[in-house]
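Hi everyone, thanks for coming. Have a look at the sequence and the structure on the screen, and I'll walk you through how the chains meet.

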Amino acid sequence: MSDPTGPDVAARLEALEGRLRELEDEREILRLITGYGPLVDGGAADDVAALWTDDGIYDVDEVYLDGSAAIRQMVESSAHQGWISGGCAHFLGPARVTLDGNDAVAVCHSLMVVNTDEGFRVRRATAHHWQLRRTPAGWRTTVRTSRVLDGRPESPALLRAGARGERA
Amino acid sequence: MSDPTGPDVAARLEALEGRLRELEDEREILRLITGYGPLVDGGAADDVAALWTDDGIYDVDEVYLDGSAAIRQMVESSAHQGWISGGCAHFLGPARVTLDGNDAVAVCHSLMVVNTDEGFRVRRATAHHWQLRRTPAGWRTTVRTSRVLDGRPESPALLRAGARGERA
Amino acid sequence: MSDPTGPDVAARLEALEGRLRELEDEREILRLITGYGPLVDGGAADDVAALWTDDGIYDVDEVYLDGSAAIRQMVESSAHQGWISGGCAHFLGPARVTLDGNDAVAVCHSLMVVNTDEGFRVRRATAHHWQLRRTPAGWRTTVRTSRVLDGRPESPALLRAGARGERA
């Protein structure tokens, strides 16, 4: 009589575990990215900084921050606190994630929407390219490169590279 | 000769089932949240109401609705129907979900974009904090608390709490 | 002595494999949809075209494109390249996906945000209804129907149908 579980139970379990791990990796990365906007608009400086590795890079047009301590200071700065107290949404779109073992690339758009005397306005539309790495503490951003979509060629190039899972 | 399936098949199956259930829970919650905008802009009053528990709370700045019947009436109201017939998008961002057994918290931004004589305008940017519960009929919203991002301190506080998986 | 793995290992493995396949299907569909905006704003004409079947339909208000070759040409057109060189974001929201075996329906909003002399403006808010099919090469769009949310009744109807997993 044949074994009802089949000879391949171990292989099937391993395959399931591997596929599930990929889905969980992607969920964790999406959780990181979907946290950015609420945390930065919430002024949660430590939480924002913790989305990056200690030596992670935050590179947005004229602002280049090297390390999570500098990112924390940016959130705590009077400039950033002024956005919050005036009314502001860093509204990120749903990311496309490309996993490659312990590394990942993701891409999304964002709109920075601010409250003004004439109502809410889109202050900028931005292309975001994320590089992420699995660390002992979980997935973290190693480099986020963001460029305003004002026609400069870098911005569409970031979107293309990010959508294809290529580095910036 | 050792058993190729190992002694731990039952434990591995149980672990897989538990991890999969978490991913499915999160998918169902995201499906609920991603349904809100299309259903409310589609005027699907019953479908919108069914995203909440019967005694669920819909709390948006000046509007406080207690129970899904009141939510249904809001969608059917001439005020809401006026938004639809004028042209309107309740555009919600991708949510960050924190599961805790049969409860969950989620957070996202939204933009309400309306069609005007001068083209489309962002009428408001809003912080949304969702509390959800697993019911026999599936996940439902128990309390959704939404505040405009115009500088009032409640709104960043909702984003922080939501991103951290804390109640409002 | 009873078998610690239980008599139902094969059934449990099959159930897990089926549930995982559904999550993977949904992930692949979301990956397709989240790729659209970055690829179209990145001018990646071949990549955009490859999101559709060869005979896929792209139906947006006045523009009706029949087949992926026509979609590729649209991205390469001077009109579309003008949006990119001027600064443009096709910002899609998170989709709600309804799977039905080898077919699927998805719904989302989008905002087309353009860079102008007076800053960024929302040029249009759009309802998107996606029909998708599993092909030997993976999930592809068979019909995408998009209508501007300017009050025309088609647009809320698309949102309703899409959110309910119904065809357009």
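Let's start with a pair of helices. Helix H1 (residues 9–41) of chain B and H1(C) have axes that come within 11 Å and cross at roughly 30°. That makes H1(B) roughly parallel to H1(C), the term used for angles under 35 degrees. The axes here are lines fitted to C-alpha atoms, for helices over the stretch in contact, and angles run from 0 to 180 degrees between N-to-C directions. Helices and strands are DSSP runs numbered from the N terminus: H or I with at least four residues for helices, E with at least two for strands.

Before I go on, a word on the source: this is a predicted model, where local features need pLDDT of at least 70, side-chain atom pairs count only at pLDDT 80 or more, and totals for chains, interfaces and linings use all residues. Residues are numbered from 1 along each chain as its sequence is written, and chains are lettered from A in the order in which they are written.

Back to our helices. H1(B) passes H1(C) in a left-handed crossing, that is, the near helix is turned anticlockwise from the far one by less than a right angle. Who meets whom? On the H1(B) side you'll find, among them, Val9(B), Leu13(B) and Leu16(B), and on the H1(C) side, residues including Val9(C), Arg12(C) and Leu16(C). Being in contact means that the C-beta atoms, placed from the backbone, lie within 7 Å. This helix contact has nine nonpolar, no polar and six charged residues. For those classes, Ala, Val, Leu, Ile, Met, Phe, Trp, Tyr, Cys and Pro are nonpolar, Asp, Glu, Lys and Arg are charged, and the others, Gly among them, are polar.

Now for whole chains. How many residues of chain A are in contact with chain B? There are 36, and they meet 29 residues of chain B. H1(A) gives the largest share of chain A's side, 16 residues. By class, that side has 18 nonpolar, 11 polar and seven charged residues.

Chain C meets chain A too, with 37 residues from chain C and 29 from chain A. Here H1(C) gives the most to chain C's side, again 16 residues.

Terms used
Contact = placed C-beta atoms within 7 Å. Parallel < 35°, antiparallel > 145°, perpendicular 65-115°, else oblique.
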